[in-house]
Amino acid sequence: PVQCSELASHGGDAGSAVKVTTLFVTNIPTYFTQLALLSMLEDLHPSMRGNFDFFYCPWDEQTRENRGCAVLNFTDEEHAAAFRQAWSKKKLDFERQ
């Protein structure tokens, strides 16, 4: 299953809540192209569409597969939390065509 973990956070003064906007997503099936993964994430959860400002999914040119992970940065912590809740432990094991 896909795992979403906090990659970066920012906070204000001591005692204030830490705001997590960047997530590191792992266990992505390697046969997804970068565009296919991004399109699927946007289509399947409203927290993605228009609410992120950075997406990176490393690509191996030799194997023509992704590296099984991605980094997403959301515009605010609420969208990052909604995405994490919706996608953590979600199975993305579709059959290849």
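This is a predicted model: local features need pLDDT of at least 70, side-chain atom pairs count only at pLDDT 80 or more; totals for chains, interfaces and linings use all residues.
Me: Let's start with the big picture. How many helices and strands are there in the chain?

Reply: The chain has 2 helices and 6 strands.

Me: What share of the residues is buried?

Reply: Of the 97 residues in the chain, 35% are buried. The accessible surface comes to about 6200 Å², and carbon and sulfur atoms account for 49% of that.

Me: And what percentage of the contacts between residues at least 6 apart in sequence join residues at least 24 apart?

Reply: That share is 57%.

Me: Now helices. How do I read which way a helix faces?

Reply: Start with the general idea: an α-helix has 3.6 residues a turn, so residues three or four places apart point the same way. Now try helix α1, residues 34–44, where Leu-37, Leu-38, Met-40 and Leu-41 are buried. Looking down the axis of α1, these buried residues fall within an arc of 165°, so they line one face of the helix.

Me: Which residues are exposed on the other side of α1?

Reply: Leu-35 and Asp-43 are exposed there.

Me: What do the buried residues of α1 pack against?

Reply: They pack against β3 (52–56), β6 (69–74) and α2 (77–87).

Me: Which residues of α2 are buried?

Reply: Those are Ala-80, Phe-83 and Trp-87. They cover an arc of only 65° around the axis, so they sit on the same side of α2. On the other side of α2, Glu-78 and Gln-85 are exposed.

Me: How should I think about a nonpolar core?

Reply: In soluble globular proteins, nonpolar side chains tend to be buried together. Here, the largest nonpolar core holds 19 residues, and Leu-37 and Phe-83 touch the most other members. At least two residues of this core come from each of β2 (19–26), α1, β6 and α2. The top contributor is α1, which gives 4 residues.

Me: Next up, aromatic rings. How do I describe a pair of them?

Reply: You describe a pair of aromatic rings by the distance of the centres and the angle of the planes. A search of the whole structure turns up 3 such pairs. Take Tyr-31 and Phe-32: the ring centres are 5.2 Å apart and the planes are at 25°, so the pair is stacked. Stacked needs planes under 30 degrees apart.

Me: Are those two residues buried or partly exposed?

Reply: Tyr-31 is partly exposed, with a relative accessible area of 22%, while Phe-32 is buried at 8%.

Me: How is the pair of Phe-74 and Phe-83 arranged?

Reply: That pair is tilted, with 5.3 Å from centre to centre and 40° between the planes. Phe-74 counts as buried at 2% relative accessibility, and Phe-83 counts as buried at 1%. Ring pairs also link Phe-74, Phe-83 and Trp-87 into a cluster.

Me: What about cysteines? How many disulfides does the structure hold?

Reply: First the idea: a disulfide is a covalent bond between the sulfur atoms of two cysteines. This structure holds 0 disulfides. The sulfur of Cys-57 has its closest cysteine sulfur in Cys-69, 6.7 Å away, which is too far for a bond. For comparison, the cut-off is 2.5 Å. Cys-57 is buried, with a relative accessible area of 2%, and Cys-69 is buried too, at 16%.

Me: Can we look at a loop residue? Where is Asn-51?

Reply: Asn-51 lies in the loop between α1 and β3. With a relative accessible area of 15%, Asn-51 is buried, since buried means under 20%. Leaving aside neighbours within four places in sequence, Asn-51 is in contact with Pro-46, Phe-74, Thr-75 and His-79.

Me: One more residue, then. Which strand is Trp-59 found in?

Reply: Trp-59 is in strand β4, residues 59–60. Trp-59 is partly exposed, with a relative accessible area of 23%. Not counting residues up to four places away in sequence, Trp-59 touches several residues, including Phe-32, Thr-33, Arg-64 and Arg-67.

Me: How far apart are Trp-59 and Thr-33, in sequence and in space?

Reply: They are 26 residues apart in sequence and 8.1 Å apart in space, going from C-alpha to C-alpha.

Technical notes. Residues are numbered from 1 along each chain as its sequence is written. Side-chain values use heavy atoms; hydrogens and water are left out. Buried means under 20% relative accessible area, exposed over 50%, partly exposed in between (1.4 Å probe, protein chains only). Contact means heavy atoms within 4.5 Å. Accessible areas come from the Shrake-Rupley method with a 1.4 Å probe; for residues, only the protein chains shown count as cover. The arc is that of the directions from the helix axis to the C-beta atoms. Rings of Phe, Tyr and Trp (its six-membered ring) pair if their centres lie within 6.5 Å; planes under 30 degrees apart count as stacked, over 60 as edge-to-face and the rest as tilted. A nonpolar core is a set of buried Ala, Val, Leu, Ile, Met, Phe, Trp, Tyr and Cys residues joined through side-chain atoms within 4.5 Å.
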